[in-house]
Amino acid sequence: MDHGNIVLEIKDLVVRAKTIKGESELLRIDHLVVNRGEILGIVGESGSGKSILALTILGLLPSNVRIVSGQVLFNGVDLAKKSRKQLTGEYLGKQMTMIFQDPMASLNPVFTVKQQLEGVIKANSHGLSRNEVTQKAIGMLNLVKLSDPEMTLRKYPHELSGGMRQRVLIAMALSAGANFLISDEATRSLDVTIQAGILKLMEELASSLGLSVMFITSNIALAATVCYNLGILYSGEVVEIGPVKEILRNPKHSYTRAFLSCLPTPQKKGKVMEAVPGRMPDPLDKPKGCKFHPRCAMCQEICMRDIPHLHGVSEDHRIACHVVAAGE
Amino acid sequence: MRGDNMEKKDDIVLKVDHLKKYFPVKNGLLGKNVDYVHAVDDVSFEMIRGTVVGLVGESGCGKSTLAQTVMGIYKPTEGFIEISGIDTGKSFSKNKEMKKLIQIVFQDPFWSLNPRMMVKDIIAEPINVHRLAKGDAVNERVGELLEMVGIDKQRMYSYPHEFSGGERQRVAIARSLAMNPQILLLDEPTSSIDTISQVEILNLLVDIKKRFNLSYILISHDLSVIYYLSNQIVVMYLGEVVEIGNTEDVFNKRYHPYTQALMRAIPVIAADGTVERIDALEGNVPSAINPPKGCRFHDRCEFCQERCRTENPALREIEPGHKVACHFAHLPEN
């Protein structure tokens, strides 16, 4: 793999939180890579740590949560060593950015799209005339495929539909020149027909601008349509990562298999589906060893003792499981 | 006329006949009605006892209004609703007896359960309101309901925050069963729950449907859930039914261009692990105040022709039990 192509690389990252009830480990990620122009899907249930992962990369962790060890390499620079001030000054918004689930909550309801979008442009490119700023704003709205940009600029957020708001946010996110976008359940509140449009837009931006996207979702089918690579997160750890096609066709980790077996597919109609016993562990009381072992049918002694690390089952397909590793 | 010949046929638990629900748009100092939102416009369907009707469509298509009108939350502007052969008529909202027949399970169990009430009181509330039990019998009934949905009855003294999302939804289902309803209205019952807990809720819904011979009206954005549970599907667009038929027919044949577009937009993982490309439907749902002339879908339809702009297509039967509202519904899907 060409090393210069890597936008984001996470190595041996451990993130912990201090709470009144004690210290808990939120994330433990051996290795995670996002390449230029790639959309990497991160799939997990609620409580799997997918939002904490996004906040860790952006350096927006709450004050009681900190990176204990490991590296977050963004274009070769370790962000874990930067202060919050350096991050917001040099990286946040300028090189990397994020869009959230609820587009209305991310836009200010009392300002027009023009005021908000031009505000971002002015803050990031000095010396542009008023006309040039407006032209750039229109250009950005064209980029995100909003019809009639001049009209959209004059509108307030409440006058736009959910899909249009999310497009405006993507335009704002990209207008400062960011080339790495984290999308945290960004299409969850949208209609399926509109959601498909936003996904298509992300794909287009990835291929035309070389935008790298970390696509965080709880819907594996959704991730599978836009991503080439997919990471499955469970209780703060990547349990399986690899090309979507391989994971779907040949899931190796018991959690991935459980997750896939829970999707109501046409073949299962009318039949009782197999449920997975137990639930995601409490972050304050995580099991020792493999986090999935209390729910895993293949659990062995080593699983209760040692934390499994990612190992390759094929070239790009890696999983964290003792039992599969022993079987290879 | 109605009633007599119907009991001979399949046992119809719900009949919606030419139902319309318009909301007035008021304007000016005197609050005159200047216009109407055509939220539900001439919708008819029948539901056989023990079956599930899935309502699909984008937001703003009127599926929630339809469901809430059936619930008796709104009074129909025109048309009538029959539950178990009884015309709900105009006094529905005041008629407690009718309300026992149909109950609702909401989308978000974090909002639908009062955080300050014990689960016991949440489930006992409808029992008390309808005076279905007294004294110790109330607690007994609550325990019975909780066991029915797979929650230990010792936990009736807990508060909602002590339950996980899936468990809360079970509590909501237990509450809706308290009055032995005949119909449950499931408004996005699994959309705020994780995939793995969703299975348990779906299994529970299938189970209690069989045990109590319930019928469901299911609203969901997730077509795989709709496919899994429903016997019949109603596809709505801008207040109108555009396609109705049994689940397999609607999914596989997709005669209406809107149904095709809707299904193309939804990612589905096939059995062999492949994923079909998804496609967006351009444009937004038009305003329901001034719906487009002719076919309401014409400005977003890829097959739109002159006739579609002027003449609103009626819902016509293409094959037995499968109706489509499109002038050119015989066009093969491309």
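**Figure 1. The contact between chain A and chain B in this predicted model.** Chain B brings 34 residues to the contact and chain A brings 33 residues. On the side of chain B that touches chain A, at least two residues come from each of helix H6 (195-212), helix H7 (223-229) and helix H9 (257-264) of chain B. H6(B) gives the most to this side, with eight residues. By residue class, the side of chain B that touches chain A holds 19 nonpolar, nine polar and six charged residues.

**Figure 2. Strand E3 of chain A and its burial.** Strand E3 covers residues 39-43 of chain A, and five of its five residues are buried, so the strand is largely enclosed by the rest of the structure. In a regular strand, side chains alternate between the two faces of the sheet. From E3(A), Ile39(A), Gly41(A) and Val43(A) point one way, while Leu40(A) and Ile42(A) point the other way. Residues pointing either way are all buried.

**Figure 3. The strands that pair with E3(A).** Strand E8 of chain A (residues 212-217) runs parallel to E3(A) and is joined to E3(A) by five bridges. Within this pairing, Met214(A) in E8(A) is the bridge partner of Leu40(A). Strand E9 of chain A (residues 229-234) also runs parallel to E3(A), with four bridges between the two. Here Ile232(A) in E9(A) stands opposite Val43(A).

**Figure 4. The eight-stranded sheet of chain B.** The sheet is open, its pairing is mixed, and its strands follow the order E6-E7-E8-E3-E9-E10-E12-E11. Strand E6 (102-105) and strand E11 (316-319) of chain B are the edge strands, each pairing on one side only. From one strand to the next, the twist averages 25°.

**Figure 5. The pairing of E11(B) with E12(B).** Strand E12 of chain B covers residues 322-324 and pairs with E11(B) in the antiparallel sense. Three bridges make up this pairing. Arg316(B) stands opposite Val324(B), which belongs to E12(B).

**Figure 6. Two helices that lie across strands of chain B.** Helix H1 of chain B (residues 63-71) lies across strand E3 (52-56), E6, strand E7 (183-187), strand E8 (215-219) and strand E9 (232-237) of chain B. H1(B) runs at about 150° to E8(B). Helix H5 of chain B (residues 165-177) lies across E6 and E7 of chain B. The angle of H5(B) to E6(B) is about 170°.

Key
Residues numbered from 1 in each chain as written. Chains lettered and ligands numbered in written order. Predicted model: local features only at pLDDT ≥ 70, side-chain atom pairs only at ≥ 80, totals over all residues. Contact = placed C-beta atoms within 7 Å. Nonpolar A, V, L, I, M, F, W, Y, C, P; charged D, E, K, R; others polar. Buried ≥ 20, exposed ≤ 12 C-beta atoms within 10 Å, placed from the backbone. Pairing = 2+ DSSP bridges. Axes fitted to C-alpha atoms, helices over the stretch in contact; angles between N-to-C directions.
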